[in-house]
Amino acid sequence: MNSQIAVLDGVTKSYNGTEVLHPTDLGFGRGVIGLLGPNGAGKSTMLRLLATAMPPSSGRIVVSGHLVTGGIAERTAARRRLSYLPQEVGIPRRMMSFGFLDYIAVLKEWKDRDTRHREVIRVLGLVGLADRRTKRVSALSGGQRRRLALAQALMGDPDLVVLDEPTTGLDPEQRASLRGILSSYANRGSVLLATHQTEDVSALCDRVIILDEGRIRFDGTVAELIRLAEGQVWVGAEANTRALSSWRTGTGEIRSLGGVPAPGSRPADVAVEDAYLLVRSEITGATKIGEVR
């Protein structure tokens, strides 16, 4: 347990009598953990619980040795060792980039002005906005505002970085840069990111968790997830019979998930997205993507 940066022990969350997160036991050590799941699966709820943005209905949460579900002093101590980037961030549009981060740093109790300003400059550089420090938020593009929001989450090298859809609005080059930034935390902290971008999971994550209907459906390495789908992905001139899904690729061949292989088809390399869709189909009993029996 000492190696765990964050722990959820029997944690649940209910809204108006409906349990949206069923009893959950998880531990997060160093590394980058991807959280996959459909809309409404409970991903944002889990992140908000870890980030102390709301209390659980039951169970205990520990971050950096501090009991989040304890008293105010313990919860405050935990908040000092974590950071949170929600899916939607409201940034005052009349503020300058530097001023916004400086304000957030003050809220995070950075009292020494020179030290605080050095940290603001550091994180602006990390997210590629050093040359936008004097620009008003209103003058930034959507992707730049997203990177500015990310910068506040990286202040102070927190033990736990909680990110909800961090690559939304980023172009491929910016996404690749973000992967480099987050992977640099793997040896000293824990990064938990909820995403719909399966390519981010395959490129970045040490571990992947699939959450569906408030329950953990898979928890393991990317390689372990991919192995679940080996022998179930095919390419050929025709779609598989009873395939879960099939589509024409850029090479002109048809890629099929599951089903009975069509004549002349051959096994294909499995991607994280293939494995995720096949795991989801077992959960829902879907015979085709979007069709539930």
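Trainee: At what angle do helix α3 and helix α5 pack?

Mentor: In this predicted model, helix α3 covers residues 97–107 and helix α5 covers residues 142–153. Their axes lie 10 Å apart, and the two helices pack at an angle of about 30 degrees.

Trainee: Are α3 and α5 roughly parallel or roughly antiparallel to each other?

Mentor: The packing angle of α3 and α5 is about 30 degrees, and angles under 35 degrees count as roughly parallel. The crossing of the two helices is right-handed. The orientation of α3 and α5 is therefore roughly parallel.

Trainee: Which residues of α3 and α5 make the contact, and how do they divide into nonpolar, polar and charged?

Mentor: From α3 the contact draws on Ser-97, Phe-100, Leu-101 and Ile-104, while α5 contributes Leu-148, Ala-151 and Gln-152. Sorted by side-chain class, the residues of this contact of α3 with α5 come to 5 nonpolar, 2 polar and no charged.

Trainee: Which residues of α3 are buried, and which helices are included in what covers them?

Mentor: The buried residues of α3 are Ser-97, Phe-98, Phe-100, Leu-101, Asp-102, Ile-104 and Ala-105. Among these buried residues, Ser-97, Phe-100, Leu-101 and Ile-104 also take part in the contact with α5. What covers the buried residues of α3 includes α4 and α5.

Trainee: Is Glu-119 buried or exposed, and which residues is it in contact with beyond its neighbours within four places in sequence?

Mentor: Glu-119 sits in helix α4, which covers residues 113–126. Its relative accessible area is 10%, and because buried means under 20%, Glu-119 is classed as buried. Leaving aside neighbours within four places in sequence, the residues in contact with Glu-119 are Trp-110, Leu-154, Met-155 and Gly-156.

Trainee: Which residue with a positive phi follows α1, and which one follows α3?

Mentor: After α1 comes Thr-52, with a phi near 65 degrees. After α3, the residue with a positive phi, near 75 degrees, is Glu-109.

Trainee: Which residues does the UniProt annotation "domain: ABC transporter" cover, and how far apart are the end C-alpha atoms of that span?

Mentor: According to the unreviewed UniProt entry, the annotation covers residues 6–238. That span is 33% helix and 28% strand, and its end C-alpha atoms lie apart by 48 Å.

Notes:
Residues numbered from 1 in each chain as written. Predicted model: local features only at pLDDT ≥ 70, side-chain atom pairs only at ≥ 80, totals over all residues. Heavy atoms only, no water. Helix = DSSP H or I, 4+ residues; strand = E, 2+ residues; numbered from the N terminus. Buried < 20%, exposed > 50% of the residue type's maximum accessible area, 1.4 Å probe, protein only. Contact = heavy atoms within 4.5 Å. Axes fitted to C-alpha atoms, helices over the stretch in contact; angles between N-to-C directions. Parallel < 35°, antiparallel > 145°, perpendicular 65-115°, else oblique. Left-handed = near helix turned anticlockwise from the far one by under 90°. Nonpolar A, V, L, I, M, F, W, Y, C, P; charged D, E, K, R; others polar. UniProt positions renumbered as here; feature names shortened; annotations may be inferred.
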